[in-house]
Amino acid sequence: MESLQNHLKQFMNSKGFRETYLNLKQQIKSDKDVRLFLEKHKNQIDEHMIDRSLGKLYEFVTQSKFCRECRNLDECKNILKGYHPTLIIERKTIDLKYDKCPRKEAYDARKKQESLIKCMYVPKEILNAHLEDIDLNEPNRLKAVSLVQDFVEQYGQNDRLKGLYLYGSFGVGKTFILGAIANELAEKGVPSMLVYVPEFVRELKSALQDHSLNEKIDAVKKIPVLMLDDIGAESMSSWMRDDILGSILQFRMLENLPTFFTSNFDFSELEHHLTYSQKGEIEQLKAKRIMERIRFLAIPVELKGKNRRQE
Ligand code: ADP
Ligand code: MG
């Protein structure tokens with residue numbers, strides 16, 4: 001009885017098989033990227049080498065390259081999602097090397113950027129905000145945007161950088177600008193944190209003994225760039241004002257850590273808000289002390305304009 005090997009040999013030498021094989025080989029060799037590769041390395045490659053590597057070449061032509069065949073990362077058809085092959089020569093055979101495709105590169109960069117921006121009680125959608133979206137014809141936007149650009153440019157070079165105190169009525173886009181700043185900073189690799197003050201205060205109040213809250217306060221103190229959103233919209237006890245907010249601001253002043261604020265109040269209205277109803281002399285002094293720190297940390301910019309939430 002003939003061996004299986006002989007059978008196979010016969011089959012592979014049969015006319016039908018050879019025709020199919022040669023057809024396939026021709027198709028593979030006529031692929032544009034394969035042609036370029038073979039042309040580029042023609043001194044190192046002979047027919048024998050192509051025959052030996054046909055499996056790899058076949059794999060190469062069936063994969064998507066430079067995301068040509070995928071509209072987004074989810075639709076990536078490759079064996080390794082998000083990776084596309086290039087042809088290389090390794091030990092006298094043609095082989096494949098898989099690298100991240102452009103969409104995977106962009107996706108990973110975006111994930112990394114998002115991980116630099118921490119939000120406490122601020123909706124993540126605000127991270128879609130970009131400085132280019134801000135209409136510079138609206139009152140004071142040009143001033144705010146150019147101060148933000150200066151800030152981002154100088155961050156890391158000037159260690160006495162002031163943040164901004166953006167104030168104005170409800171819906172003019174104060175929080176939106178914070179989101180845009182966070183994005184600009186993340187592009188430079190600078191971590192920031194947006195904290196919605198009323199919710200932060202509420203949570204601290206309801207769980208004084210909670211260990212995680214101490215951790216949260218510490219994170220807020222130490223983050224390279226802090227953004228306190230909607231200060232003045234909270235109801236603050238004197239403990240919260242002096243021992244929490246006061247100490248966060250004091251720490252950031254001493255460590256030269258930039259801090260941004262948004263508020264519906266201008267400085268004098270915020271001072272009034274922090275003074276409470278008793279209006280004792282001590283309360284006034286304490287409110288003034290907080291205001292001193294805010295003035296030290298941030299440049300006030302008033303934002304006027306329409307309420308975008310009614311659109
Ligand atoms: P504020 O914090 O001043 O109350 P927001 O920043 O929350 O206002 O803005 C109100 C709404 O308008 C939000 O839904 C926000 O996403 C949108 N918005 C604000 N500024 C812009 C802008 N420049 N381009 C597009 N949408 C904006
Ligand atoms: Mg807001």
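**Legends to views of a predicted protein chain**

Figure 1. Of the contacts between residues at least 6 apart in sequence, 72% link residues at least 24 apart in the protein chain. The model is predicted. Its secondary structure consists of 13 helices and eight strands. The radius of gyration is 31 Å, whereas the globule rule gives 19 Å for 311 residues, so the protein chain is more spread out than a compact globule. Along the principal axes, the C-alpha atoms occupy a box of roughly 110 × 50 × 40 Å.

Figure 2. Buried residues make up 41% of the 311 in the protein chain.

**Figure 3. Confidence at helix α1 and strand β7.** Over the protein chain the mean pLDDT is 90, with 98% of the residues at 70 or more. Among the elements, the lowest mean pLDDT, 76, belongs to helix α1 (residues 4–13), and the highest, 98, to strand β7 (residues 259–263). Where pLDDT is low, predicted coordinates should not be read in detail.

Figure 4. Phe267 is part of helix α12, which spans residues 267–275. The relative accessibility of Phe267 is 12%, so this residue counts as buried, the cut-off being under 20%. Leaving aside residues up to four places away in sequence, Phe267 is in contact with Tyr165, Met291, Ile294, Arg295, Ala298 and Pro300. Tyr165 is 102 residues from Phe267 along the chain, yet their C-alpha atoms are 9.0 Å apart.

**Figure 5. Arg91 in the loop between β1 and β2.** The loop that holds Arg91 runs between β1 (83–90) and β2 (93–100). Arg91 is not a glycine, but its phi is positive, at about 40°. Most residues other than glycine have a negative phi. With a relative accessible area of 76%, Arg91 is exposed.

**Figure 6. Asn140 in the loop between β3 and α7.** Asn140 lies in the loop between β3 (117–120) and α7 (141–154). A positive phi of about 70° is found at Asn140, which is not a glycine. The relative accessible area of Asn140 is 35%, so this residue is partly exposed.

How values were computed:
Residues are numbered from 1 along each chain as its sequence is written. Chains are lettered from A and ligands numbered from 1 in the order in which they are written. This is a predicted model: local features need pLDDT of at least 70, side-chain atom pairs count only at pLDDT 80 or more; totals for chains, interfaces and linings use all residues. Side-chain values use heavy atoms; hydrogens and water are left out. Helices (H or I, at least four residues) and strands (E, at least two) are DSSP runs, numbered from the N terminus. The radius of gyration is taken over C-alpha atoms; the globule rule is 2.2 Å times the number of residues to the power 0.38. Buried means under 20% relative accessible area, exposed over 50%, partly exposed in between (1.4 Å probe, protein chains only). Contact means heavy atoms within 4.5 Å. pLDDT is the predictor's confidence in each residue, from 0 to 100.
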